[in-house]
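The exercises below are meant to be worked with the sequence and the coordinates side by side. Please try each task before reading its solution.

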Amino acid sequence: MADQILTPRDLNRILLGRQMLLSREKIGAVEALERLFAIQAQLPRAPFLGLWARLEGFQRADLLAAIHERQVVRSTLMRGTLHLASARDVLAFRTTVMPPRDVTLPGGVRPAPEELVRVLDLARRHFAPEPKDFESVRQVLEAEGVDPVRPLAFAARMFLPLVQASSNAAFGHEPGGDFTLAKTWLGRDEDLALRPQDLARRYLAAHGPSLPADFAGWSGQKAAAAIFEALGDELVTFRDERKRTLFDLKDAPRPSGETSAPVRLLADFDGAVLGRADRTGVIRPEHAPLLASKNGLIPAMVLVDGVVAGTWRIEPKMKSVAVSVRLFGAVSAEDRKTIEAEAISAAKFLEPDAAGVVTFAEA
């Protein structure tokens with residue numbers, strides 16, 4: 001039988017359903033993080049807004065409690081970037097998602113294997129006793145004659161199982177913060193077993209029918225097609241309108257393209273946008289240049305009917321929270337009213353006692 005064709009709208013609705021963006025769900029913060037696998041967390045508040053958009057009745061205290069109880073940790077994961085994930089998933093999958101040690105470091109540095117081993121040993125001994133910042137490890141490496149220091153200190157961030165210690169900061173972690181070994185913070189070390197097939201299952205569960213290139217771009221895994229093939233009868237295949245083969249978990253939910261999609265405000269670096277190599281199902285090609293930035297930041301986005309219709313920024317002030325919405329084009333009066341209501345809700349989520357002030361502009 002020929003594979004079923006999934007339209008861009010079908011794929012959009014399946015993605016939104018897997019990302020908990022078709023309706024807010026009644027589950028806890030840790031379970032939600034594990035459903036998504038992780039939330040990108042260069043900005044400490046981004047995971048909080050990401051879960052606010054997805055969970056019914058979610059409060060900041062819910063995620064803060066999980067962070068302080070060490071059920072959830074901030075660590076370098078996919079694509080060498082900071083994510084917030086459950087401690088279980090960090091310990092189980094960090095080895096799998098880290099790149100091979102022959103990777104080129106920033107500045108084109110490729111250290112000799114013995115030099116990298118020496119650097120990691122120095123950094124491991126430095127971070128093991130208690131949380132410390134990265135400036136301190138750079139000083140240790142420099143004192144030991146390591147050169148160049150910054151790229152090799154970055155290697156320690158990548159290849160050592162480091163997690164960031166929580167703090168009394170508003171979102172549980174300082175923007176820079178102090179790091180220590182997972183074993184020090186969580187009581188056990190990362191699992192060294194490689195689990196690419198388990199990682200593929202988790203990816204598909206969170207993103208829906210995908211190309212191997214989607215999984216490869218998200219995870220950094222080599223031979224993504226072979227990983228999918230190894231899952232055999234666990235997967236079913238579809239075709240997109242370009243006749244490309246898409247893979248998905250056999251029994252996963254797949255809402256149709258006729259399903260309505262509510263207005264949603266996504267956090268910076270949201271996985272609903274970052275999780276695919278081809279983002280045209282969520283971002284219209286003509287709008288992509290409006291989202292580009294010189295420093296590679298992915299802004300917080302407004303979804304209308306399942307696609308990006310603009311960006312938004314939220315800034316708590318003394319007695320109010322300012323929310324600015326920049327739309328890429330006209331939206332209906334009803335959608336505009338819903339965007340404003342979501343923006344006020346986000347403001348109240350961050351500062352319950354402050355007034356929310358929403359302003360609109362067009363790109």
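Helices, here DSSP runs of H or I with at least four residues, are numbered from the N terminus. The model is a predicted one.

**Exercise 1. Find which residues of helix 4 are buried, how they are arranged about the axis, and what covers them.**

Solution. In helix 4, which spans residues 60–68, the buried residues are Arg 60, Leu 63, Leu 64, Ala 66 and Ile 67. Viewed down the helix axis, these buried residues of helix 4 fall within an arc of 160°, so they line one face of the helix. After helix 4 comes Arg 70, which has a positive phi, near 65°.

**Exercise 2. Identify the residues that touch the most other members of the largest nonpolar core, and follow the contacts of Leu 51.**

Solution. The largest nonpolar core has 63 residues, and those touching the most other members are Leu 51, Leu 63, Trp 312, Ile 314 and Val 323. The element that gives the most to this core is helix 15 (residues 333–350), with six residues. For Leu 51, setting aside neighbours within four places in sequence, the contacts are Ala 29, Ala 32, Leu 33, Leu 36, Ile 39, Phe 58 and Leu 63. A second core, separate and made of 30 residues, includes Trp 185, Tyr 203, Trp 218 and Phe 247.

**Exercise 3. Describe how strand 10 is paired on either side and how far it is enclosed.**

Solution. Strand 10 covers residues 307–316, and because seven of its 10 residues are buried, it is largely enclosed by the rest of the structure. Strand 9 (residues 301–304) runs antiparallel to strand 10 and is joined to it by four bridges, with Leu 303 opposite Val 308. Two residues lie between these strands in their hairpin, where Asp 305 takes a positive phi near 55°. Strand 11 (residues 320–327) is likewise antiparallel to strand 10, through seven bridges, and Pro 316 stands opposite Val 321. The hairpin of strand 10 and strand 11 has three residues between them.

**Exercise 4. Characterise the aromatic pair of Phe 37 and Phe 93.**

Solution. Among the 12 aromatic pairs of the structure, Phe 37 and Phe 93 form an edge-to-face one, 5.3 Å centre to centre with 75° between the planes. Phe 37 lies in the loop between helix 2 and strand 1 (39–40) and Phe 93 in helix 5 (residues 87–97), so the pair ties together parts 56 residues apart in sequence. Both Phe 37 and Phe 93 are buried.

Key
Residues are numbered from 1 along each chain as its sequence is written. This is a predicted model: local features need pLDDT of at least 70, side-chain atom pairs count only at pLDDT 80 or more; totals for chains, interfaces and linings use all residues. Side-chain values use heavy atoms; hydrogens and water are left out. A nonpolar core is a set of buried Ala, Val, Leu, Ile, Met, Phe, Trp, Tyr and Cys residues joined through side-chain atoms within 4.5 Å. Buried means under 20% relative accessible area, exposed over 50%, partly exposed in between (1.4 Å probe, protein chains only). Contact means heavy atoms within 4.5 Å. The arc is that of the directions from the helix axis to the C-beta atoms. Two strands pair if DSSP finds at least two bridges between them. Rings of Phe, Tyr and Trp (its six-membered ring) pair if their centres lie within 6.5 Å; planes under 30 degrees apart count as stacked, over 60 as edge-to-face and the rest as tilted.
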